[in-house]
Amino acid sequence: MPKNKGKGGKNRKRGKNEADDEKRELVFKEDGQEYAQVLRMLGNGRCEAMCIDGTKRLCHIRGKMHKKVWIAAGDIVLVGLRDYQDDKADVILKYMPDEARLLKAYGELPESTRLNEGIAGGLDEEDDGAGDDYIEFEDEDIDKI
């Protein structure tokens, strides 16, 4: 009986298209579309997102993006609104972190929008003054306990 020597089938041998790393043109919203920030992932190709117009919508990740573009909570996405269901939308595009910063700089996203990398980076700067999160015990206090 022959041993399996490979690491997968013919799709792996074809190779993946890794051309997404290079700069792509920034896509702005059109009518029937809206910017949104992902609140949480629900599984089954769905997520809950807060749109810029203030509506919380259940979003469906389109099949072209499924298992190719990974979406996490806090990401900025472009969603297509549905004419017949206002509380549901379809994820069309995920913006990379630098593209989300550009959208915010162009005024497409409101200033109150917290970008994912801004949340992690901003905590270190604010907490520099409050570095006394530990308690010092003197030897006398330890003996009393």
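**Salt bridges, strands and loops**

Author: Asp-53 counts as partly exposed, at 43% relative accessibility. Buried means under 20% relative accessible area, exposed over 50%, and partly exposed in between, with a 1.4 Å probe and protein chains only. This is a predicted model, in which local features need pLDDT of at least 70 and side-chain atom pairs count only at pLDDT 80 or more, while totals for chains, interfaces and linings use all residues. Residues are numbered from 1 along each chain as its sequence is written, and side-chain values use heavy atoms, with hydrogens and water left out.

Reader: With which residue does Asp-53 form a salt bridge?

Author: A salt bridge is a side-chain nitrogen of Lys or Arg within 4 Å of a carboxyl oxygen of Asp or Glu. Asp-53 forms one with Arg-57, and the closest N and O atoms are 3.4 Å apart. Arg-57 counts as buried because its relative accessibility is 3%.

Reader: How many salt bridges does the structure hold?

Author: The structure holds seven salt bridges. One of them joins Glu-34 to Lys-29, with the closest N and O atoms 3.3 Å apart. Glu-34 is buried, at a relative accessible area of 9%, whereas Lys-29 counts as partly exposed at 36%.

Reader: Which parts of the chain does the pair Asp-75 and Lys-94 link?

Author: The side chains of Asp-75 and Lys-94 meet in a salt bridge at 3.6 Å, N to O. The pair links distant parts of the chain, 19 residues apart: Asp-75 is in the loop between strand 3 and strand 4, and Lys-94 is in strand 5. Both Asp-75 and Lys-94 are buried. Elsewhere, salt bridges that share partners join Asp-53, Arg-57 and Asp-86 into one network.

Reader: How should I read the strands, and in what order do they close into a barrel?

Author: Strands of a sheet pair through backbone hydrogen bonds, either parallel or antiparallel. Strands (E, at least two residues) and helices (H or I, at least four) are DSSP runs, numbered from the N terminus. Two strands pair if DSSP finds at least two bridges between them. Here five strands close into a barrel in the order 1-2-3-5-4, with mixed pairing. Neighbouring strands of this sheet are turned by 50 degrees against each other on average, direction ignored. For such angles, axes are lines fitted to C-alpha atoms, for helices over the stretch in contact, and angles run from 0 to 180 degrees between N-to-C directions.

Reader: Which residues stand opposite each other where strand 4 pairs?

Author: Strand 1 and strand 4 run antiparallel and are joined by five bridges; Tyr-35 stands opposite Leu-78 in strand 4. Strand 4 and strand 5 (residues 88-94) also run antiparallel, joined by five bridges, and Gly-80 stands opposite Asp-90 in strand 5. Six residues lie between strand 4 and strand 5, which form a hairpin. Five of the six residues of strand 4 are buried, so strand 4 is largely enclosed by the rest of the structure.

Reader: In what sense do strand 2 and strand 3 pair?

Author: They pair in the antiparallel sense over five bridges. The bridge partner of Arg-46 is His-60, in strand 3.

Reader: What is the phi of Asn-44, and where is its place?

Author: Phi of Asn-44 is near 60 degrees, a positive value in a residue other than glycine. Asn-44 is in the loop between strand 1 (33-43) and strand 2 (46-51), and counts as exposed at 72% relative accessibility. Lys-67, another residue other than glycine, has a positive phi near 65 degrees. Lys-67 lies in the loop between strand 3 (56-61) and strand 4 (76-81), and is exposed with a relative accessible area of 65%.
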